[in-house]
Amino acid sequence: MTAVADAVVATAESPARARGTRRTPPPTRGQRQSALFRMRADIPPGLGAGLAVGGVVALLGGWTLASAAMDTFLFPTPAATWDAGVEWWRKGDLTVDLTASVRRIAIGYSISVVLGVVFGVLMASFRSAESFLEPQTALLRYIPASALTPLFLVWLGIDESPKITLIIVGTVFFNVLMVADVARAVPQEEVDAAYTLGAGRLRVLRQVVLPHSWPGIVDVARINLAAGWLMLVVAELLAADEGLAFRMVRAGRFRRIDTMFAVLVVFALIGLISDMSLRQLRKRTAPWSEGSR
Amino acid sequence: MNERRERPGLTVTGLTKVFPGQRRHPDVMALDGIDMHVDPGEMVSIVGASGCGKSTLLRIVGGLEQATTGAVRIDGDLVVGPGPDRGMVFQAYSLFPWRTVAENVAFGLEVAGQPRAARRERVAELLGIMGLTDFAHVRPGQLSGGMRQRVAIARALAPEPDVLLLDEPFGALDAQTKLSMHEFLHQVRQRTGCTVMMVTHDVAEAVYLSQRVYVLSARPGRVAEEVTVPFGVARGPAVKRDIRFLDLQDEIEDRLHTAPAA
């Protein structure tokens with residue numbers, strides 16, 4: 001981009017062009033673009049970090065302004081939210097709620113990802129599996145998983161199993177279909193090369209399709225994790241004795257809006273941490289795929 | 001073919017490939033009655049216009065696709081599926097990007113269950129031949145196109161195949177790299193004596209590298225001509241200016257353009 005722009009400037013200011021008698025600006029071709037808004041172009045690294053920090057500061061500033069403009073009881077300030085969070089933690093409830101919710105997600109979402117990998121890879125690799133599974137998946141995934149909550153409560157009671165089941169059901173179809181897309185992107189040449197080197201189907205799946213799909217699978221797991229939290233909240237809102245969403249409902253009942261805000265902040269932080277961890281996992285375990293993104 | 005046990009040869013007899021038509025489209029005959037052979041230690045090329053089914057033919061020899069009728073035999077054994085006795089090199093994208101160069105080359109040896117020490121020795125030997133020793137621990141993503149193809153050839157040669165199948169192996173390379181790969185392949189052939197069947201649309205490449213060239217007509221692919229190249233295995237770039245070389249190249253190119261289309 002820059003090279004082209006410079007070339008244009010150089011031509012425009014060359015003596016041949018500037019020969020005119022009047023001091024009109026030399027003619028230019030093309031349109032200059034500011035450094036900030038060049039599509040897909042890099043910006044200086046310091047500027048990038050500055051913008052990131054600025055964005056978070058703007059968010060907190062907006063929050064403070066909003067609570068100043070509204071009633072601070074209905075819209076607590078960041079400081080009040082912090083205090084409520086500390087109180088929540090001191091009582092020991094934060095640890096209990098956090099452990100309960102994370103445990104449900106860890107179990108339910110892990111099962112969902114494993115199912116997603118198994119069926120996704122099968123669908124991508126075998127036309128027979130695809131023909132059998134695709135229509136059912138397409139049909140079932142349009143049933144809103146949250147609508148199944150009352151059913152699971154009836155079937156499974158109110159302990160952990162309906163919550164975990166809901167997390168699985170609410171995410172597994174996304175995981176299956178997206179993993180299938182990832183596994184379909186394995187180049188046929190890699191599969192063929194493995195066959196002509198003597199590998200059987202099982203080895204091709206384990207040593208070609210899986211390793212090639214791995215970074216994509218981590219991305220799919222990272223993206224769909226948000227849906228996992230959504231289902232967890234639905235489950236905990238209806239029936240739970242502990243958990244982050246349970247705390248939300250309970251705080252609402254006691255008009256502790258500051259605590260509710262603290263719960264939301266915890267949700268956001270967990271999301272941020274899990275997102276960054278999964279990005280790191282991909283970077284560490286599949287460094288070969290980083291450049292190609 | 002059974003009299004040649006020690007260095008197996010490849011024969012293709014009466015090979016036909018029909019792709020069944022999809023809704024309302026008629027069946028497509030890609031290959032029609034192909035007969036050809038590759039003697040042990042020989043390099044044979046198949047040239048043809050795009051869409052003449054030459055890659056399909058090579059994939060059938062590799063066991064990656066099934067012939068509709070006819071047979072491929074290696075030393076008399078019928079080919080029914082892929083195997084390490086027919087090492088194959090594709091135009092691109094066939095290396096495992098998560099494995100290093102050495103690990104890529106070792107893949108076939110791992111499949112064969114060779115012990116680690118033997119694997120390491122064989123990989124080192126091949127990387128030496130291919131001039132890749134310094135890149136043993138580099139991943140394919142950091143290599144140039146020409147180097148990647150050298151890795152792919154090394155990987156295919158590692159399990160000591162009876163035949164090396166090359167599917168337009170230099171088709172994605174720039175002209176300069178392509179020429180150096182030709183010299184490289186000459187060296188590899190002189191050092192390993194491997195039997196090679198190559199598919200290409202580059203006539204000069206086919207004539208320069210092969211002992212014999214099969215010219216395929218398009219749709220359906222039939223053997224339009226079989227040409228013997230009158231130069232020895234040890235030939236250098238000077239051959240390309242030889243009048244016989246140029247005449248042969250012209251003759252094949254004319255044959256390609258006049259080959260009857262179905």
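1. The largest nonpolar core holds 129 residues, and the members that touch the most others are A:Val179, B:Val47, B:Val61, B:Val105, B:Ala154 and B:Met197. Helix H9 of chain A, residues 201-238, contributes the most to this core, with 13 residues. Note that the model is predicted.

2. Apart from neighbours within four places in sequence, B:Val47 is in contact with B:Thr200, B:His201, B:Val203, B:Ala206, B:Val213, B:Val215, B:Leu216, B:Ile252 and B:Leu256.

3. Chain B has an open sheet of six strands with mixed pairing, in the order S6-S7-S8-S3-S9-S10. Strands S6 (86-89) and S10 (223-228) of chain B are at the edges; each has a single partner strand, so one side of each lacks a neighbour in the sheet. From one strand to the next, the twist averages 15 degrees.

4. B:Tyr214 has B:Glu226, in S10(B), as its bridge partner.

5. Helix H4 of chain B (residues 145-157) packs on the sheet, where H4 touches S6 and strand S7 (163-167) of chain B. The direction of H4 makes about 170 degrees with that of S6(B).

6. What does each chain give to the contact? Chain B gives 21 residues and chain A gives 17 residues. On the side of chain B that touches chain A, the elements giving two or more residues are S6 and helix H2 (101-111) of chain B. By class, this side of chain B has 13 nonpolar, six polar and two charged residues.

Conventions. Residues numbered from 1 in each chain as written. Chains lettered and ligands numbered in written order. Predicted model: local features only at pLDDT ≥ 70, side-chain atom pairs only at ≥ 80, totals over all residues. Core = buried A, V, L, I, M, F, W, Y, C linked by C-beta atoms within 7 Å. Buried ≥ 20, exposed ≤ 12 C-beta atoms within 10 Å, placed from the backbone. Helix = DSSP H or I, 4+ residues; strand = E, 2+ residues; numbered from the N terminus. Contact = placed C-beta atoms within 7 Å. Pairing = 2+ DSSP bridges. Axes fitted to C-alpha atoms, helices over the stretch in contact; angles between N-to-C directions. Nonpolar A, V, L, I, M, F, W, Y, C, P; charged D, E, K, R; others polar.
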